[in-house]
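Please open the model in your viewer and keep the selection tool at hand. The stops below are to be taken in order.

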Amino acid sequence: AKSTGRGKAVKYEISMDDERQQRVLLEERLRHALQHSEFEIYYQPLFSTMDRRLRGFEALLRLRDDDGYLVPPDVFIPVAEEMGLITAVGEWVLNEATAFAQGWPGDLTVAVNLSAIQFETGRLVETVRNALEASDLTPSRLELEITESLLIKDPANVLGQLLELRSLGARIALDDFGTGYSSLSYLWKFPFDKLKIDRSFMLELEDADGKPREILKTIVALCRTLNLSVTAEGVETNEQLAALRELQCDQSQGFLLGRPMPASQIPSFMMSISSE
Ligand code: C2E
Ligand code: CA
Ligand code: CA
Ligand code: CA
């Protein structure tokens, strides 16, 4: 910090320097991780709500700092986006996750999150096509998750790419529904196969007569009409799961049913639930 005086001003400058330094360290960590394949993917299970059968997993990116602690994706993904690294990282996730899922039994799906930046490169469709070809995964087992913010910026361009992705056979899911600028018209203007209800809804679902439950009921009904499947995210309690059963929500995901886990744990996880 500059020696401009004492007290608050100096403290402020020091903390700004700290922040800048943290940022520089994180940027270095990201570059290093990309070059040395040090990112990891955790997989969180999704179940059918009614009979609690395993339906697939969502791929969630993980990065360790130099001390071995996990850095939350909400922290490092925005930085990777600003640095333009997310394109290469996103490509790695697609390749890795499809190759892994190809070895899963039956028709289990793998969901991969896409960043808005990946839609700006003009290479996304080719990247997905390559991942599908290289892995030999049945395309309909790949779900691509996008968020609404993407649809606002350049809807025509995004629509075109979503249609191409779908013509490859991949499925498209609208993530975090119910937050941000949700517009119901997105549901029929874009070619979605699935809607993922944001976990903020779950927190209020336990109140049996509450408005959130009524709203959810309406969303599920709307999805039925539009032929969209509905997944609830962030299911943490048995009460929430019971409410989702009553609403006939198709799939559920959350800590109650299974936390994100490293790839190495998937085989024993599958064993443990098939013998339940
Ligand atoms: P998301 O796509 O909404 O992923 C779900 C997040 O909710 C995950 O956080 C997951 O660990 C967490 N979660 C799941 N069940 C529960 C629950 O029952 N309770 C609570 N409190 N949380 C639950 P995570 O792994 O920290 O990921 C955060 C976000 O980072 C993701 O939100 C997604 O937007 C982004 N992200 C993760 N991996 C990727 C990736 O490969 N590419 C891109 N572009 N974004 C990614
Ligand atoms: Ca997601
Ligand atoms: Ca989500
Ligand atoms: Ca999210």
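This is a predicted model: local features need pLDDT of at least 70, side-chain atom pairs count only at pLDDT 80 or more; totals for chains, interfaces and linings use all residues.

Residues are numbered from 1 along each chain as its sequence is written, chains are lettered from A and ligands numbered from 1 in the order in which they are written, and side-chain values use heavy atoms, with hydrogens and water left out.

**Stop 1: ligand 1**

Select ligand 1 together with its surroundings, which comprise 22 residues (a residue is near a molecule if one of its heavy atoms lies within 4 Å of it). The closest are Gln44, Arg62, Asp175, Glu236 and Phe255.

Next, display the polar contacts (pairs of N or O atoms within 3.5 Å). In Glu236, a side-chain N or O atom lies 2.5 Å from a nitrogen atom of ligand 1. At Phe255 a polar backbone atom is 2.8 Å from an oxygen atom of the ligand. For Asp176, a polar side-chain atom is placed 3.2 Å from an oxygen atom of ligand 1.

**Stop 2: helix 8 and helix 9**

Select residues 211-226, helix 8, and residues 238-247, helix 9; helices are DSSP runs of H or I with at least four residues, numbered from the N terminus. Their axes come within 10 Å and cross at roughly 40° (axes are lines fitted to C-alpha atoms over the stretch in contact, and angles run from 0 to 180 degrees between N-to-C directions). The two helices are therefore oblique to each other; angles under 35 degrees count as roughly parallel, over 145 as roughly antiparallel, 65 to 115 as roughly perpendicular and the rest as oblique.

To inspect the contact (heavy atoms within 4.5 Å), show Arg213, Leu216, Lys217 and Val220 of helix 8 against Ala243, Leu244, Glu246 and Leu247 of helix 9.

**Stop 3: helix 3 and helix 4**

Move to helix 3, residues 86-101, which packs against helix 4 at an angle of about 30°, with the axes 9 Å apart. Helix 3 is thus roughly parallel to helix 4. Here Glu91, Leu94, Asn95, Thr98 and Ala99 of helix 3 meet Thr127, Val128, Ala131 and Ser135 of helix 4.

**Stop 4: helix 4 and helix 6**

Finally, show Leu124, Val125 and Val128 of helix 4, which make the contact with Gln161, Glu164 and Leu165 of helix 6.

Key:
A polar contact is a pair of N or O atoms within 3.5 Å; within protein, one must be able to donate a hydrogen and the other to accept it, and residues adjacent in sequence count only if both atoms are side-chain atoms.
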